Amino acid sequence: MSKKERLVAAIENGSVIDHIPAEKTFQVVNLLQLQKLVMPVTIGFNFSSKMVGSKGIIKVSDKFFTDDEISRLSVVAPNVVLNIIKDYEVVEKKKVVTPDELRGIVKCNNPKCITNNEPMETIFNVMDKENGIVKCHYCDKEQHIDKVELI
């Protein structure tokens, strides 16, 4: 890769979240609480992408995300690619996959749901991954993943 092509500095070890739809970049930052990290975080925004048109990219030095953190990403950006970097090389690429169940990630939009009235973790079953339909475990209200509110 030439110097002209590299838009963001390389990292020695860590994670690169790539192919984030540009408008979702800062939601990903908030979801993973990257603003609370002490290690360097590089956020790139509005880069051109053949895959998603306009993309965001996030590089986090010395941080390797857990499967749980990665599954949280699927709520806001279901097709991102996570690259694991070791010694400046990509050693693994993971495509983010929506899990069958979302725990404590999104809020139920039914005001009468017990999760909005009692201090308890929300649980949603993912009914339709392709169309992004989730259903509250407690009140059975179905919601579209694009319309949910993150906790």
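Glu101 is partly exposed, with a relative accessible area of 35%; buried here means under 20% relative accessible area, exposed over 50%, and partly exposed in between (1.4 Å probe, protein chains only). The structure is a predicted model, in which local features need pLDDT of at least 70 and side-chain atom pairs count only at pLDDT 80 or more, whereas totals for chains, interfaces and linings use all residues. Residues are numbered from 1 along each chain as its sequence is written, and side-chain values use heavy atoms, with hydrogens and water left out.

Glu101 takes part in a salt bridge with Arg103, the closest N and O atoms being 2.7 Å apart; a salt bridge is a side-chain nitrogen of Lys or Arg within 4 Å of a carboxyl oxygen of Asp or Glu. Arg103 is partly exposed at 41% relative accessibility. The side chain of Arg103 also meets that of Glu121 in a salt bridge, with an N to O distance of 3.2 Å. This second pair links distant parts of the chain, 18 residues apart: Glu121 is in the loop between strand S7 (106-107) and S8, and Arg103 is in strand S6. Helices (H or I, at least four residues) and strands (E, at least two) are DSSP runs, numbered from the N terminus. Glu121 is partly exposed as well, its relative accessible area being 40%.

Another of them joins the side chains of Lys129 and Asp100, at 2.9 Å from N to O. The two residues of this pair are 29 residues apart and link distant parts of the chain, Lys129 being in the loop between strand S8 (123-128) and strand S9 (133-136), and Asp100 in the loop between strand S5 (89-95) and strand S6 (101-103). Asp100 counts as exposed at 55% relative accessibility, while Lys129 counts as partly exposed at 42%.

At the level of the whole chain, the secondary structure comes to two helices and eleven strands. From the N terminus on, the elements run β-α-β-β-α-β-β-β-β-β-β-β-β. The C-alpha trace spans about 55 × 30 × 20 Å along its principal axes, and buried residues make up 43% of the 151 residues. The chain is divided into domain 1 (14-95) and domain 2 (101-144), with bounds that come from an automatic or database domain assignment. The centres of domain 1 and domain 2, taken over C-alpha atoms, are separated by 25 Å. An unreviewed UniProt entry places the feature "domain: Aspartate carbamoyltransferase regulatory subunit C-terminal" at residues 102-147; UniProt positions are given in the numbering used here, feature names are shortened, and annotations may be inferred rather than shown by experiment. The span 102-147 is 0% helix and 37% strand, and its end C-alpha atoms lie 15 Å apart.

Helix H2 (residues 67-76) is largely enclosed by the rest of the structure, because eight of its ten residues are buried. The buried residues of H2 are Glu69, Ile70, Ser71, Arg72, Leu73, Ser74, Val75 and Val76. Helix H1 (residues 25-31) contains Phe26, which is partly exposed with a relative accessible area of 44%. Phe26, Ile43 and Phe45 make a nonpolar surface patch of about 270 Å². Patches are made of residues with over 30% relative accessible area and no salt bridge, like charges being joined within 9 Å and nonpolar side chains (Val, Leu, Ile, Met, Phe, Trp, Tyr) within 5 Å; accessible areas come from the Shrake-Rupley method with a 1.4 Å probe, and for residues only the protein chains shown count as cover.

Positive phi values occur at two residues other than glycine, His19 and Gln33. For His19, phi is near 65°; this residue lies in strand S1 (residues 14-21) and counts as buried at 18% relative accessibility. For Gln33, phi is near 50°; Gln33 is found in the loop between H1 and strand S2 (41-49) and is partly exposed, with a relative accessible area of 40%.

A search of the whole structure finds zero disulfides, a disulfide being a pair of cysteine sulfur atoms within 2.5 Å. Cys113 is in no disulfide, and the nearest cysteine sulfur, that of Cys136, is 3.7 Å away. Cys139 is likewise in no disulfide, the nearest cysteine sulfur being that of Cys108 at 3.6 Å. Cys113 is buried, with a relative accessible area of 1%, whereas Cys139 is partly exposed, with a relative accessible area of 26%.
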